[in-house]
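Open the model in your viewer and keep the sequence panel beside it. Each stop below says what to select and what to look for.

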Amino acid sequence: MAANDLALDLEELKHLQNIAKRPRVVSLISSEIRNLEKLSKDSASAASLQTAAPVSTAAKVTPSQLLNYVSVASFSWDQDNDKVKIYLSLEGVDQEKMVTEFKPMSFDAKFQDVHGKNYRFSLPKLNKEIVPEKCKVLVKPTRVVITLAKASKGNWLDLHYKEDKFKPNLDKEKDPMAGIMDLMKNMYEDGDEEMKRTIAKAWTDARSGKAADPLKRFS
């Protein structure tokens, strides 16, 4: 019932109450007036709550998004044919406050509230692929052991992926000599003084026509 209708009904009932003479009629009218007055108050309270309650449109932020993390600096690792083990020197880690995410070429491990600090150890691009569902983390009193299951058996030269600078670019759409020249540039940048002098002379001879093959001196 609308608020205006309630007000009109109350007004009319009170008018009838004033002109009624029989006790039973007066009692019935009074009872109905009390019911309508209560209904009117309840409606007013509900409308007030609906008006006052704000609707939040802010994005929800999880507690982990607000935390600051310190990178774990001290670690070591070893491997066998099937897996890689990483040892983090981290004491007092709570298994329940650890968040890990393994992907085929990366992993991320977060350790919250470790003696009042939050730590993180992640490798955004691994040397080779792993099997995420077979990876695991073991928490010990003074360290954390992360086991990465290799997708293919073999030896890893490093934990991180490193592009082979000394592998010629064999893109068929490029000049066949471009990959070799890139290789020589990398060798020049990483070589010693003797290597740099030899490569520089090879380039000079190639430009002057003395040597058709810039790698002739290395054969």
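**Before you start**

This is a predicted model: local features need pLDDT of at least 70, side-chain atom pairs count only at pLDDT 80 or more, and totals for chains, interfaces and linings use all residues. Numbering starts from 1 along each chain as its sequence is written, and side-chain values use heavy atoms, with hydrogens and water left out.

**Stop 1: the whole chain**

Show the protein chain as a cartoon. Four helices and eight strands make up its secondary structure. Helices (H or I, at least four residues) and strands (E, at least two) are DSSP runs, numbered from the N terminus. In sequence order the pattern reads α-α-β-β-β-β-β-β-β-β-α-α.

The protein chain exposes about 16,000 Å², by the Shrake-Rupley method with a 1.4 Å probe, where for residues only the protein chains shown count as cover. Carbon and sulfur atoms supply 52% of that area. Of the 219 residues, 25% count as buried. Buried means under 20% relative accessible area, exposed over 50%, and partly exposed in between (1.4 Å probe, protein chains only).

**Stop 2: the four-stranded sheet**

Select β1, β6, β5 and β4. They form an open sheet in the order β1-β6-β5-β4, with mixed pairing. β1 (70-71) and β4 (98-103) stand at the edges with a single partner strand each, so one side of each has no neighbour in the sheet. Two strands pair if DSSP finds at least two bridges between them.

Zoom in on β5 (residues 106-114) and β6 (residues 117-123). They pair in the antiparallel sense over six bridges. Find A109: F121 in β6 stands opposite.

**Stop 3: the nonpolar cores**

Select I86, F107, F111, I146 and L148. Of the 27 residues in the largest nonpolar core, these touch the most other members. Such a core is a set of buried Ala, Val, Leu, Ile, Met, Phe, Trp, Tyr and Cys residues joined through side-chain atoms within 4.5 Å. β3 (83-88), β4, β5, β6, β7 (136-139) and β8 each supply at least two residues of this core. Apart from it lies another core of six residues, among them L6, L13, I29 and L36.

**Stop 4: the rings**

Select F75, F102, F107 and F121, which form one aromatic cluster. Rings of Phe, Tyr and Trp (its six-membered ring) pair if their centres lie within 6.5 Å; planes under 30 degrees apart count as stacked, over 60 as edge-to-face and the rest as tilted. The count comes to three aromatic pairs. F102 and F107 are stacked, at 5.8 Å centre to centre and 25° between the planes. F107 and F121 have centres 5.9 Å apart and planes at 40°, so this pair is tilted. F107 is in β5 and F121 in β6, so the pair ties together parts 14 residues apart in sequence.

**Stop 5: two residues at β8**

Which strand holds T147? Go to β8 (residues 144-149). T147 counts as buried, at 8% relative accessibility. Leaving aside neighbours within four places in sequence, T147 is in contact (heavy atoms within 4.5 Å) with K83, V84, K85, C135 and K136.

Step back to R143, in the loop between β7 and β8. At 33% relative accessibility, R143 counts as partly exposed. Beyond four places in sequence, R143 touches Y87, L88, L90 and L138.
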